[in-house]
Amino acid sequence: MNLSGSCLCGAVTYACSSPAVLSGNCHCLDCKKASGSGYVPVFFVAENAITIRGEVKWYEHAGASGKPVRRGFCPHCGSQMFGKPAAMPKLIGVRAGSLDDPAQYEPQVDIYTSRAPTWDCMDPALPKFAEMPPMQEPVQQGVPKTD
Ligand SMILES: [Zn+2]
Ligand SMILES: [Zn+2]
């Protein structure tokens, strides 16, 4: 089943033509600030496998890696939708809460758990990484070749 979703007002929609290559809950401080929540559930798909409709506004800042991260949101209703870390080229992150069927999201890991406050509940069954996991291999395998 293809992943699809929208912002709260419906002005921004997306549809993915391939499954997520990476899914996890990010507990970093930036995700907390941007979302106003305890963590951000996010899945990554190949950038060329997602069709986004509607106007997305992008905010760029320096991520935890020191490299720029662009965060995309609906300028009308403010819903946080997308993330494009320069550290993960060819991939786009999508906030799982924006899915038409949020049950399609299956988190594989918790990342940046060293930044989680005590009230931030986590699934004890998921692998935990204090910061970023060593994930170059699975990411590279999941990205379709463009040339
Ligand atoms: Zn909207
Ligand atoms: Zn984060």
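Because the model is predicted, local features were considered only at pLDDT of at least 70 and side-chain atom pairs only at pLDDT 80 or more, whereas totals for chains, interfaces and linings use all residues. Residues are numbered from 1 along each chain as its sequence is written, and chains are lettered from A and ligands numbered from 1 in the order in which they are written.

The protein contains 2 helices and 10 strands, where helices (H or I, at least four residues) and strands (E, at least two) are DSSP runs numbered from the N terminus; along the sequence these elements follow the pattern β-β-β-α-β-β-β-β-β-β-β-α. The radius of gyration of the protein, taken over C-alpha atoms, is 14 Å, close to the 15 Å given for 147 residues by the globule rule, so the protein is as compact as a globular protein of that length; the rule is 2.2 Å times the number of residues to the power 0.38. The C-alpha trace spans about 35 × 35 × 30 Å along its principal axes. Of the 147 residues, 35% count as buried, a residue being buried if 20 or more other C-beta atoms, placed from the backbone, lie within 10 Å of its own, exposed if 12 or fewer do, and partly exposed in between.

Beyond its neighbours within four places in sequence, Phe 44 is in contact (C-beta atoms, placed from the backbone, within 7 Å) with residues including Ala 20, Leu 22, Met 88 and Ile 92. By contrast, Tyr 59, which lies in strand β6 (residues 57–62), counts as exposed because it has 11 C-beta neighbours inside 10 Å.

An open sheet is formed by 3 strands in the order β1-β2-β5, with antiparallel pairing; two strands are taken to pair if DSSP finds at least two bridges between them. At its edges stand β1 (4–6) and β5 (50–53), each with a single partner strand, so one side of each is left without a neighbour in the sheet. Between β2 and β5 the antiparallel pairing extends over 4 bridges, and Ala 15 stands opposite Thr 51 in β5.

Key: Contact = placed C-beta atoms within 7 Å.
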